[in-house]
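These are my notebook entries on a structure that I had not examined before. I set down each item as I looked it up.

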Amino acid sequence: MAASASLLKSSPVLDKSEWVKGQSLRLRQPAVSVVRCHPTAATVRAVSSYADELIKTAKTVASPGRGILAMDESNATCGKRLASIGLENTEANRQAYRTLLVSAPGLGQYVSGAILFEETLYQSTVDGKKMVDVLVKQGIVPGIKVDKGLVPLAGSNNESWCQGLDGLASRSAAYYQQGARFAKWRTVVSIPNGPSALAIKEAAWGLARYAAISQDNGLVPIVEPEILLDGEHGIDRTFEVAQKVWAEVFFYLAENNVMFEGILLKPSMVTPGAECKDRATPEQVAAYTLKLLHRRIPPAVPGIMFLSGGQSEVEATLNLNAMNQGPNPWHVSFSYARALQNTCLKTWGGRPENVKAAQDTLLVRAKANSLAQLGKYTGEGESEEAKKGMFVKGYTY
């Protein structure tokens, strides 16, 4: 109530004399009887005590020319990445690779936030510095993956729901104390499996509950209902499903009193299914995606941080660049994992002597996406490796 009262105090109140001033004589008419209706009882949720900080954090992450490095792969998924370069999945190897990423010189020029796995949030670099401190020194806001992964959704068409709400409040409070300032929760929608109304509603409700809990504990929630690339469907079908998903998401965000100025979105781009024969140009992807955003996303939301979803490094950058060829009411940027890390990981190969070369490769990709956020990316000089697609059917992490 105190927060509500302070809001009322700060609202401008029009003085009666100011209102009367300048009114025409037509107002001087016989008085009419006024029927006074009793308003229905409603409870207005007090603004989160973190409101100002949430808005500031969201704006920092959504700052010009910068985006998010998603390095929140679970230990199992990180193990798959390490296996691809012949490394064993040990904490020491995971630590070495994540140290390489967070300590890349000048990364903060292009990256405003980094999503971490819980192990990384509490981890130190190979030379004994806290990962969180290294990021903050670079001007990068630390974030944390808080969901507990996908499990089968009973009663659906072989679809999934995302678990992790149990204990989320206490975990979020602990993550805040450790230095995290934003959170991420990923759930998925599969077009080949329907998607069923049940799966869409479950995804939207879970995201909304997570977002409300995050804001109550000082973390800016990244809202991520990923529409999977799996399928042979065309771009129009993706657009149709995306409209339905985002309508549900914002309905339930509002129902849960989530402050839109203090969230970030992580949507999929509107593209054809990965197995569709009709491919879309960056211009077509941009046109469909921006049409979706304008129809569904309130301008109060500060940042749209797109996932790459299995696109090649270059494809993800070209599509982002096409979306920034004109002004948008939101910061339209990136939150890429594989589309930032793929060539970097292969360049490193687990060898200490390759660390600098791998970091240079990471910076090349980060700079390319920074330019794309500003609408200035040209695609010149890209390697063949960066053009390789990374779609994995039924991808989990």
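I began with burial: a residue is buried under 20% relative accessible area, exposed over 50% and partly exposed in between, using a 1.4 Å probe and protein chains only. The model is predicted, so I noted that local features need pLDDT of at least 70 and side-chain atom pairs count only at pLDDT 80 or more, while totals for chains, interfaces and linings use all residues. Residues are numbered from 1 along each chain as its sequence is written, and side-chain values use heavy atoms, with hydrogens and water left out.

Entry on Arg-98. I found Arg-98 in helix H5; helices (H or I, at least four residues) and strands (E, at least two) are DSSP runs numbered from the N terminus. Is Arg-98 buried or exposed? Its relative accessibility is 1%, so Arg-98 counts as buried. I then listed its contacts, meaning heavy atoms within 4.5 Å.

Entry on helix H13. I saw that 9 of the 11 residues of H13 (residues 338-348) are buried, so this helix is largely enclosed by the rest of the structure. Among the buried residues are Arg-338, Leu-340, Cys-344 and Trp-348. The cover over them includes strand E1 (67-71), helix H4 (75-83), H5 (91-102), H12, strand E10 (331-336) and H14. After H13 comes Gly-349, with a positive phi near 60 degrees.

Entry on H12 and H14. I looked next at H12 (residues 313-323) and H14 (residues 355-373), whose axes are 7 Å apart at an angle of about 20 degrees. Axes are lines fitted to C-alpha atoms, for helices over the stretch in contact, and angles run from 0 to 180 degrees between N-to-C directions. H12 and H14 are therefore roughly parallel to each other; that label covers angles under 35 degrees, with over 145 roughly antiparallel, 65 to 115 roughly perpendicular and the rest oblique. The residues in their contact include Val-314 and Leu-320 of H12 and Ala-368 and Leu-371 of H14.

Entry on the core. I noted that the largest nonpolar core has 108 residues, and that Phe-250 and Leu-253 have the most contacts inside it. Such a core is a set of buried Ala, Val, Leu, Ile, Met, Phe, Trp, Tyr and Cys residues joined through side-chain atoms within 4.5 Å. Helix H10 (residues 235-255) gives the most to this core, with 10 residues. Apart from neighbours within four places in sequence, Leu-253 is in contact with residues including Leu-207, Val-223 and Phe-260.

Entry on H10 and H11. The axes of H10 and H11 (residues 282-296) come within 10 Å and cross at roughly 25 degrees. H10 is thus roughly parallel to H11. Phe-239, Trp-246 and Phe-250 are among the H10 residues that meet H11, where Tyr-288 and Leu-292 are among the partners.

Entry on the backbone. I recorded a cis peptide bond from Gly-194 to Pro-195, with omega near -20 degrees. Pro-195 lies in the loop between strand E6 (182-189) and helix H9 (197-216). Asn-158 is not a glycine, yet its phi is positive, about 60 degrees. I found Asn-158 exposed, with a relative accessible area of 68%.
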